[in-house]
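Q: I have a new model open. Can we walk through how to read its features, one by one?

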Amino acid sequence: MSIAFHAERQSFKLDTAGSSYIIKIHHNGFLSCVYYGAYIPDDNLTDFERRHVYASFSAWPPGTEPYTFTPDTCPMEIGCNGGCDMRQSSVRVRNADGNAVSDFRYVSHRIEAGKPAIPGLPALYENEPGDCETLVITTRDETTGAEMDLYYTVFTKHAAMTRAAVIRNASDKDLEIEQALSFCLDLNRSDFDLISLHGKHMQERDFCRRPIGHGIQGIYSRRGSSGHQFNPFIALIDRSGNEDRGGAYGFNLVYSSNFKALTEVDYNGSTRVIMGLGDDDFGWRLAPGESFYTPEAVLVYSNEGLGGMSRTFHRLYNENLVRGDWKRRHRPLLINNWEGTYFDFDEEKLFAIAKWAKETGLEMFVMDDGWFGKRDDDTSGLGDWFVNENKIHGGLPALVKRVKDLGLKFGIWFEPEMISPDSDLFREHPDWAIHVPNRPSSIGRHQLILDMTREDVRDYIFGRMYDIISSTGADYVKWDFNRNMTEAGSALLPPDRQKEFYHRYILGVYALIDRLLTAFPHLLLEGCSGGGGRYDPGMMYYSPQIWCSDNTDALSRVDVQFGSSLCYPASVQGAHVSASPRASYETKRNVAMWGSFGYELDPAKISEEARAEIRTQIADYHRYYDLIHFGDLYRLISPWDDPYKAAWQFVDPEKTETLVTVLIKFMMRERNFFLRLKGLDPDAYYRLDENGEVYSGALLMNAGLNLSFMPNEDGFSKTFHFTKVEA
Ligand code: GLA
């Protein structure tokens with residue numbers, strides 16, 4: 001059984017495919033985490049339950065024998081505010097008396113097959129019957145009548161769990177939630193390094209590793225989206241751990257707005273991890289009988305270092321997060337006109353690109369920004385989702401028909417959450433833009449943001465998108481979001497509920513996307529936010545691929561792809577070959593093939609040689625699709641270890657084939673260069689496609705490939721494909 005309750009010892013044991021988690025219900029009803037880490041067969045950890053209670057200063061809670069227990073030194077499952085636990089809290093509820101003290105204690109529990117959905121929020125789901133099981137523990141604060149359910153789902157095929165909480169007002173007075181994080185986890189040690197992913201537009205998800213020490217370290221967003229600056233992901237790894245070895249805990253929040261993720265090393269040398277929706281400028285009024293659902297967090301444990309942790313995230317997300325028609329189906333090989341034309345196009349220019357794409361073997365044409373309203377640059381038109389017939393003469397259905405008659409699919413760009421001050425929509429409905437009273441709104445990329453907390457706004461945008469998609473039969477939508485949120489307020493929320501704005505906004509966005517996908521269940525949605533500014537599992541639940549970065553320079557973009565791979569699979573990564581000057585088309589293709597692949601250029605502007613080279617690249621997309629999208633990734637040489645070169649490898653789950661890519665970013669590599677592969681069957685033999693040479697898996701993993709005579713040139717890259725052969 002994956003979740004077991006031991007009545008006599010009052011403890012739960014939650015086992016996943018590779019981890020164990022043990023929770024104790026103390027005599028006074030407090031819940032603590034006795035153990036979380038690699039799988040252990042034991043379920044009696046009574047020895048580990050006791051903690052020192054200091055004679056001075058550590059208070060013991062009501063109903064507790066003096067000096068026997070204090071939450072301040074105990075690994076707590078809930079970080080209650082205002083009581084004995086002096087560390088960072090994970091929940092803060094202000095009651096009608098004006099204080100925010102709470103004391104959540106065990107009331108009951110239930111164990112359920114499968115995994116319940118979270119109303120209004122994206123979440124992992126049960127993929128096949130029996131692949132997950134859920135424990136729900138109900139706790140209650142007697143003084144206020146606030147109740148909190150803790151949700152733990154374990155995955156039987158992956159070393160992964162999810163955690164989330166529901167806060168319920170079981171009293172007869174209003175409560176104000178000021179903080180509602182998804183989980184609190186106290187680990188009994190602090191000899192970890194913290195890993196996080198930071199960045200900016202064009203340079204997302206850079207890798208940062210540093211030791212944790214006493215006090216608080218962490219990341220957050222206050223941008224109204226998960227953001228380019230910090231991805232909602234952190235990992236803790238043993239100090240001696242690396243890509244292949246050591247214990248690694250990964251934490252990822254399934255949410256696309258403000259968040260926080262902190263580690264705190266306390267005075268006893270234990271480490272608290274908390275993660276959830278951002279609590280700066282957050283509040284939620286909870287009337288009697290109402291419930292508040294937190295977003296869900298994903299917890300992965302691996303004792304095969306960062307590589308093992310990443311592969312677990314990848315498999316889990318491919319199976320239990322990404323949904324819909326396009327989950328396993330090969331997505332069309334696309335061409336997007338953005339970097340080829342920017343705003344400067346008409347229907348003939350677009351059709352010429354589509355025609356070339358068809359002749360070259362591509363499968364979908366995507367029309368990017370600039371086709372609607374008055375939109376010749378980024379200063380106007382957002383919100384006016386009517387085709388601009390000065391650019392697309394004859395209208396959109398006619399253009400789409402011509403493209404489809406070629407035998408291509410058609411995709412279209414929207415930025416549904418935005419409104420330009422210079423737009424008919426804004427002139428008609430200025431209060432539809434988010435704003436606060438008596439204060440001018442700050443402008444980003446010449447645009448404001450629509451108030452997605454409002455149903456009328458969502459209805460309007462849905463109506464426009466519905467019209468365009470149904471009248472053209474578009475197969476794909478790129479959903480963009482191109483600024484941070486400022487002066488965040490809604491004309492419809494009363495002053496005492498403005499603190500609910502950010503969360504209500506993203507709930508509105510999720511509801512709108514959900515409605516669109518319900519209306520068009522076969523639509524392929526690609527997420528985007530100035531590249532990868534909303535590259536999070538919340539969005540991946542709706543869009544099976546997300547444009548990973550506006551950086552299409554293969555030599556630097558590869559770093560973004562490495563960082564993204566810490567927890568996100570190749571299948572969700574939108575990656576394009578563009579006309580960017582720094583690398584050959586072969587290298588651009590080799591880098592872009594690490595994801596849902598496409599082109600982003602105007603063929604009229606590139607050389608005949610480049611066009612001919614592209615023609616040769618197409619076949620490999622479908623040939624390696626399953627291997628790359630659903631295979632196991634091994635990072636062989638990562639940018640955080642080597643600034644000059646990079647190498648990565650995909651191996652199929654049965655270990656029958658592997659694709660290795662090596663990239664020389666800068667010609668400073670060692671002249672003798674042996675690249676050791678990973679993840680193969682040491683006893684099997686593998687044939688290299690290009691010359692038919694056969695090597696044992698053991699040789700490839702221990703001696704490696706001799707690449708000493710490979711060209712040592714800036715931007716040179718090469719792929720090696722091996723297939724298992726009978727010995
Ligand atoms: C964002 C996207 C780009 C492109 C432009 C259009 O920057 O990331 O791919 O769609 O918007 O304005």
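Q: Let us start inside. Which residues line the second largest cavity?
A: One point first: this is a predicted model. To read a lining, look for residues with an atom within 4 Å of a cavity point. Here the second largest cavity is lined by Tyr255, Ser257, Asn258, Leu277, Gly278, Asp280, Asp281, Phe282, Tyr502 and His503.

Q: What volume does the second largest cavity have, and how does its lining divide by class?
A: Its volume is about 60 Å³. By class, four residues of the lining are nonpolar, four are polar and two are charged.

Q: How many cavities of 30 Å³ or more does the structure hold?
A: There are eight of that volume. The largest cavity reaches about 70 Å³.

Q: Which residues line the largest cavity?
A: Trp479, Ile513, Leu525, Gly527, Cys528, Ser529, Arg534, Met539, Tyr542, Ser543 and Ile546 form the lining. Two elements, β27 (524-527) and α8 (537-542), each give two or more residues to this lining. Seven of the lining residues are nonpolar, three are polar and one is charged.

Q: Now the cysteines. How many disulfides does a search of the whole structure find?
A: To call a disulfide, look for two cysteine sulfur atoms within 2.5 Å. A search of the whole structure finds zero.

Q: Are Cys132 and Cys184 buried or exposed?
A: Read the relative accessible area: under 20% is buried. Cys132 is buried at 4%. Cys184 is buried too, at 1%.

Q: Let us turn to the ligand. How many residues surround the ligand, and which are the closest?
A: 13 residues surround the ligand. The closest are Asp368, Asp369, Lys478, Gly531 and Asp550.

Q: Which distances describe the side chains of Lys478, Asp550 and Trp547 at the ligand?
A: For a polar contact, look for N or O atoms within 3.5 Å. A side-chain N or O atom of Asp550 is 2.6 Å from an oxygen atom of the ligand. For Lys478, a polar side-chain atom lies 2.8 Å from a ligand oxygen. In Trp547, a side-chain N or O atom is 3.4 Å from an oxygen atom of the ligand.

Definitions and conventions
Residues are numbered from 1 along each chain as its sequence is written. This is a predicted model: local features need pLDDT of at least 70, side-chain atom pairs count only at pLDDT 80 or more; totals for chains, interfaces and linings use all residues. Side-chain values use heavy atoms; hydrogens and water are left out. Buried means under 20% relative accessible area, exposed over 50%, partly exposed in between (1.4 Å probe, protein chains only). On a 1 Å grid over the protein atoms alone, a cavity is a set of points where a 1.4 Å probe fits but cannot get out, and a pocket is an open set with protein on both sides within 12 Å along at least five of seven lines; lining residues have an atom within 4 Å of a point. Grid points are joined across faces, edges and corners, and a volume is the space filled by probe spheres set on the points. Helices (H or I, at least four residues) and strands (E, at least two) are DSSP runs, numbered from the N terminus. Ala, Val, Leu, Ile, Met, Phe, Trp, Tyr, Cys and Pro count as nonpolar, Asp, Glu, Lys and Arg as charged, and the others, Gly among them, as polar. A residue is near a molecule or strand if one of its heavy atoms lies within 4 Å of it. A polar contact is a pair of N or O atoms within 3.5 Å; within protein, one must be able to donate a hydrogen and the other to accept it, and residues adjacent in sequence count only if both atoms are side-chain atoms.
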